[in-house]
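This report goes through one structure piece by piece. Please look over the sequence and the model before reading on.

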Amino acid sequence: MKKFKLVCFDVDGTLVDNVTFSWDVFHKYFGCDMDKRERTKKQFFDGKISYLDWAKHDIGMWVEKGARKEEFIAAIKGLTLMEGAEDTLLALKNAGMKLAIISGSLDVILGSLLPNYKEIFDDVFFSHLTFDSSGKLIGAKVTEFDMIKKADALRKIAEREKIPLQECVHIGDHFNDVEIAKIAGLSIAFNCTNDELLKVAKVVIEGKDLRKVLPHIIG
Ligand SMILES: [Mg+2]
């Protein structure tokens, strides 16, 4: 009998390298007003606005800049899949695991680096940008399951699939992974620099080879 049945992945800094938070990559690329961005971010962390309001505000900044799909692709040209990511996903799938993405990242990133991600993952929670027929950004379908709500997404999947949380694995790298790490049966901090996550994670993987998680999940 296998010990684990579901493995949830963070995207930025976990499945994808050279990025901590993808939204910052786009803010920089589009030359957004960083003071305005920081003020809104603070409002969220102070509990004054919701995650969706924060996301809507930030996407509005890109819409105002007339952002285009090809520019989003150009902005992420320095990003790569994490070393060993494809091998890891394949090994977990071959071992019969269900795979999920629970992330605040944007679909354009994995869509570009791992175009068949919809076939690989059974569940995908992240934000989707919407473009008009000419390729101009017009809005987004934003996930609310980032930050502490990542844990809610895991609870949702586990309940639906009737998998005890004890049999769920989470792999992430930063502070937005702390709450989900607390409820997963096995939480893995991967190439992590966040003290809080390092403290709550059951396994800490140093370095950037995702294959290092495999012995802890499938032995
Ligand atoms: Mg991350």
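## Helices H1 and H3

In this predicted model, Trp23, Phe26 and His27 of helix H1 meet Ala55, Asp58, Ile59, Met61 and Trp62 of helix H3. The two helices pack at an angle of about 30°, and their axes are 10 Å apart. That angle makes H1 roughly parallel to H3, since an angle under 35 degrees counts as such. Their crossing is left-handed.

## The buried side of H1

H1 spans residues 22–29, and its buried residues are Ser22, Trp23, Phe26 and His27. These residues lie on the same side of H1, because they cover an arc of only 145° around the axis.

Several elements cover the buried residues of H1, including helix H2 (34–45), helix H3 (51–64), helix H4 (69–75) and helix H6 (107–113). Strand S4 (98–106) and strand S5 (123–131) are also among them. Just after H1, Gly31 takes a positive phi of about 60°.

## Helix H2 and Arg37

H2 also packs against H3, at an angle of about 170° and with the axes 9 Å apart. H2 and H3 are therefore roughly antiparallel to each other. On the H2 side, the residues that take part are Lys36, Arg37, Thr40, Lys41, Phe44 and Phe45. They meet Tyr51, Trp54, His57, Asp58, Met61 and Glu64 in H3.

## The magnesium site

Which residues coordinate the magnesium ion? They are Asp10 (OD), Asp12 (O) and Asp173 (OD), at 2.1 Å. Along the chain, these donors follow the spacing D-x1-D-x160-D. Asp10 lies in the loop between strand S1 (6–9) and strand S2 (16–17), while Asp173 lies in the loop between strand S7 (168–172) and helix H9 (178–183), so the pair ties together parts that are 163 residues apart in sequence.

Asp10 counts as buried, at 3% relative accessibility. Asp173 is buried as well, with a relative accessible area of 6%.

## Asn194

Asn194 is found in the loop between strand S8 (186–190) and helix H10 (195–200). Asn194 is buried, and its relative accessible area is 13%. Not counting residues up to four places away in sequence, Asn194 touches Asp173, His174, Phe175 and Val178. One of these, Asp173, also coordinates the magnesium ion.

Asn194 and Asp87 are 107 residues apart in sequence, and their C-alpha atoms are 26 Å apart in space.

## Phe9 in strand S1

Phe9 has its place in strand S1. At 0% relative accessibility, Phe9 counts as buried. What does Phe9 contact, leaving aside neighbours within four places in sequence? The residues in contact with Phe9 are Thr14, Leu15, Leu89, Leu92, Leu99, Ala100, Ile101, Ile102, Phe121, Ile171 and Leu210.

Phe9 and Lys136 are 127 residues apart along the chain, and 30 Å separates their C-alpha atoms.

Note on methods. Residues are numbered from 1 along each chain as its sequence is written. This is a predicted model: local features need pLDDT of at least 70, side-chain atom pairs count only at pLDDT 80 or more; totals for chains, interfaces and linings use all residues. Side-chain values use heavy atoms; hydrogens and water are left out. Donors are N, O and S atoms within 2.8 Å of the metal (3.2 Å for Na, K and Ca); water is not among the atoms, so sites may look incomplete. Helices (H or I, at least four residues) and strands (E, at least two) are DSSP runs, numbered from the N terminus. Buried means under 20% relative accessible area, exposed over 50%, partly exposed in between (1.4 Å probe, protein chains only). The arc is that of the directions from the helix axis to the C-beta atoms. Contact means heavy atoms within 4.5 Å. Axes are lines fitted to C-alpha atoms, for helices over the stretch in contact, and angles run from 0 to 180 degrees between N-to-C directions. Angles under 35 degrees count as roughly parallel, over 145 as roughly antiparallel, 65 to 115 as roughly perpendicular and the rest as oblique. A crossing is left-handed if the near helix is turned anticlockwise from the far one by less than a right angle, and right-handed if clockwise.
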